[in-house]
Amino acid sequence: MERIIYLDCGPDIVRAAVTEDGELCEFHSERVGNKSQTESLFYGRVEQIRPSVCAAFVNIGLEQNAFLSLKETREGGGGLRCGDFLIVQGAAKQPTDSKGLRVSGKINLAGKSLVLVPEGSGVHVSKKIKSEEERAALEEAGRAVCPPGCGLIVRTASRDVTQALIAEEAAELFERWQLCKRRAEGMVKPGVLLERLSLPSRMTRELGDSQLARVVVSSQTCADALAQEQKKGFLPVQTRIELFKEDKQLIFDAFRLEEEIARALKRRVWLPCGGYLVIDPCEALTAIDVNSGKMTLGKDVEETAFRVNLEAAREVARQIRLRNIGGMILVDFIDMQEAEHRHALTCAMREAVRRDRAQVKVYGLTHMGLMEIARKRTDEELRKRLRASCASCMGTGEVVSCEEAARRALYAVRRLALAGQRGPFVVRCAPGVASALAEWTAPQGASVYAAPTAGRHVEKVDIDQIGADDAPPKGAMPLAKG
């Protein structure tokens, strides 16, 4: 596998795209000077404790208090009191208009090959490393460099670095933690202790393994900074750092990444075989439907379904990673009768998600043929970062029909007539609504005109009362007398 990172380093926003074997599999963006609170460390003061929801609300210096689950504190929150100060870390879920940032009292300081767990214990090895012999060797290497009073998690990237670099990184992470504690001792009010690394540094440290072939950058300053990271051992020596000069084309246009990002926001995703996926985010989960579409290959229905499902499994794994979909995911694959095919599909799905940096669990097919997948949330989903709910439909994707809008308008006129007003009434509405309304009958004894207004939203209706001798607006259509 060949991995390439593309970095678009603009003055206002930094964007990063990751391709593997030529396919876009990750996209991240970050406003300059407006860093995410995820992974940042805060010095907070407990404002409220709510035993009913097993949580505390912590002032961390932001507009809204942060949400801290008591299970995410040392000793389960026992002994925690209002007014107490403590160090917390931003979790993956970002704050919204109605909810504050979710934080944890269990601190994890991530490096390239290690994760330091202050006030933790023991050395643990990434579950992605399956070899028992290799796990034992890495665990021994971790014990040799583990700082006092801390725990360590040895990441998969540690396989590609020397013991000296592991020791250097452990010392660097421990010094970072000591710096945070010293800053906290000098603070008298809540605030930020440590912001997470910049997007280019995070991307190269997280993905800087032997499979990273190139890093293509649009900024000379960023390229120089990455060269320094490479000298420190955070990037493999064989990884090429290339400067892309945007004198004729923008970097994402040159490598056709803009259109790929736009495609990642679409509901329907086509497969090379002619089948397609339909991805629907819901409040509690994300539903993905697999359809055979134009696929006609295969000796029979069972073989056709199996071939489409195998291709769909690989694309589902890529899409949930690219779109950064977290939580529960249900995939409705095409029904297959043979147990061998169902087992092979589950194995293919598990193999496909192995490239994902987030923790993904594939639970297999249910009795109804749905595949259950759980993916750990990391930052915001792509659609939430790049899209906003429609002001007209409020995110539902639907508005009332012209027929229903006309009925509502007529009933509003009827209410005015019952209140003693006799009009004439002019209903200003969208052309389609006016046409539908003109086919209805006016209330008894009232004159009603449907006045089409170009460019008006289907649900926007205004009702005006004019004088008995006044002429209706030009183009207005009278309703039949009741």
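Start by selecting glycine 395, which sits in the loop between helix 9 (382-386) and helix 10 (402-418). Helices here are DSSP runs of H or I with at least four residues, strands are runs of E with at least two, and both are numbered from the N terminus. You are looking at a predicted model, where local features need pLDDT of at least 70, side-chain atom pairs count only at pLDDT 80 or more, and totals for chains, interfaces and linings use all residues. Residues are numbered from 1 along each chain as its sequence is written, and side-chain values use heavy atoms, leaving out hydrogens and water.

Is glycine 395 buried or exposed? Glycine 395 is exposed, with a relative accessible area of 52% (buried means under 20%, exposed over 50%, partly exposed in between, with a 1.4 Å probe and protein chains only). Setting aside neighbours within four places in sequence, glycine 395 is in contact with Ser389 and Cys390 (contact means heavy atoms within 4.5 Å).

Isoleucine 166 is among the residues lining the largest cavity, along with Lys112, Phe234 and others. The lining divides into 4 nonpolar, 2 polar and 5 charged residues (Ala, Val, Leu, Ile, Met, Phe, Trp, Tyr, Cys and Pro count as nonpolar, Asp, Glu, Lys and Arg as charged, and the others, Gly among them, as polar).

Next, select helix 3 (residues 199-207). Here 8 of the 9 residues are buried, so helix 3 is largely enclosed by the rest of the structure. The buried ones include Leu199, Met203 and Leu207. Show what covers them, including helix 2 (163-185), strand 14 (212-217) and helix 4 (220-231).

Finally, colour the open sheet of 6 strands, in the order 16-17-18-19-21-20, with mixed pairing (two strands pair if DSSP finds at least two bridges between them). Strand 16 (268-270) and strand 20 (360-365) are at the edges with a single partner strand each, so one side of each has no neighbour in the sheet. Zoom in on strand 19 (residues 327-332) and strand 21 (residues 370-375), which run antiparallel and are joined by 6 bridges. Aspartate 332 has leucine 370 of strand 21 as its bridge partner. To finish, show helix 8 (residues 339-352), which packs on the sheet and touches strand 20 and strand 21.

How values were computed
Axes fitted to C-alpha atoms, helices over the stretch in contact; angles between N-to-C directions. 1 Å grid on protein atoms, 1.4 Å probe; cavity = no way out; pocket = protein on both sides within 12 Å on 5 of 7 lines; lining within 4 Å.
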